[in-house]
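Student: Hey, can we go through this protein together? I'd like to start with one residue and then zoom out.

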Amino acid sequence: MRSELGPKRLFFFTNNTIGSTAELSCIYTPETTFILNKLRVFWQKADGSKSCLVVHAFNSGHENQSEQCADFRNRTRLFQDKLEKGIFSLLLLNVSLRDEHTYRCIVQKKDVVFRVIHTADVALKVVANNSLPVLSGPIGIRPNIGDKVTLSCNYSQGYPKPNVYWINRTDNSSLHPSSLKIIQDNDGTYSVFSTLKIKATSDIKIGCIIENELLQQNLTVLYLEDLTNSNSTRSGQLDLNKPGAQAGSVLAIAVVLAGLVVLTCWLWKRKSHHRKPYAGN
């Protein structure tokens, strides 16, 4: 829609999680405020999609939904109070995997006729980390030192396709999985099924890491077992490097401290209530 002499097209990237609201940026700084009835703003898919292209349209002061794709109906918003100032960014509500496209913003202004004054492309990447990995070992059987042990690491509802690593936390060496299957589910997200066979040592510390590159996030679950202690139990622990896990631990500590304060106050009042009054001579 523009010639070689037209305005320079800008390109942006944005990452959004499933179910969130994405803001697709399109900003043009005018010399004076725009007159809305002399303005057109079009948002469309720009990645060669053969399906419906129109995402949102604003034409001469009015929203135009007549050609809007059904997938975007009631899910797009312009900042109506900011259009005069050249802010044409689009809000896309309830983001899903099918929204992963490159979008183009086209702004036209009418002098004698409408002409393109600004274009911008925005690549929307959708990410998901909707569950925590689960790491499990032998059920009901306590291995002896030297026995072969099979550990299983399962994970679901991740996007894009995750990377999977096994690590020995005693020396932080990487381990090669015995099996690894990553499948794409019907909803487009990915599930992981991986196993690791090891020879049991006196102190087992094995980690399974699920990496989401777009989120720059690693979810690490640990399998710990001390075979020198007959009273030790297996445990799966989520690494506190995951956002939110550390906050949960701090909250738990705060609750315990608050309980101790309440108990101390109750004991002090009880002691004061039963204390005998002083009798002077």
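Student: Which side chain of opposite charge is nearest to Lys45, and how far away?

Tutor: That's Asp71, 5.6 Å away. A salt bridge needs a side-chain nitrogen of Lys or Arg within 4 Å of a carboxyl oxygen of Asp or Glu. By the way, this is a predicted model: local features need pLDDT of at least 70, side-chain atom pairs count only at 80 or more, and totals for chains, interfaces and linings use all residues. Residues are numbered from 1 along each chain as its sequence is written, and side-chain values use heavy atoms, leaving out hydrogens and water.

Student: OK, what does the side chain of Lys45 reach?

Tutor: The backbone oxygen of Cys52, at 3.0 Å. Lys45 itself sits in strand E3, residues 39-45; strands here are DSSP runs of at least two residues, numbered from the N terminus.

Student: Switching topic: which residues touch the most other members of the largest nonpolar core?

Tutor: Trp43, Phe88 and Tyr103, out of 29 residues. Such a core is a set of buried Ala, Val, Leu, Ile, Met, Phe, Trp, Tyr and Cys residues joined through side-chain atoms within 4.5 Å.

Student: And which strand gives the most to this core?

Tutor: E9, with six residues.

Student: What does Tyr103 contact?

Tutor: Its contacts (heavy atoms within 4.5 Å) include Trp43, Lys45 and Phe72.

Student: Last one: how many strands are in the protein?

Tutor: There are 18, along with one helix.

Terms used: Helices (H or I, at least four residues) and strands (E, at least two) are DSSP runs, numbered from the N terminus. Buried means under 20% relative accessible area, exposed over 50%, partly exposed in between (1.4 Å probe, protein chains only). Lys and Arg count as positive and Asp and Glu as negative; His and the chain ends are not counted. A polar contact is a pair of N or O atoms within 3.5 Å; within protein, one must be able to donate a hydrogen and the other to accept it, and residues adjacent in sequence count only if both atoms are side-chain atoms. Lists of a residue's contacts leave out its neighbours within four places in sequence.
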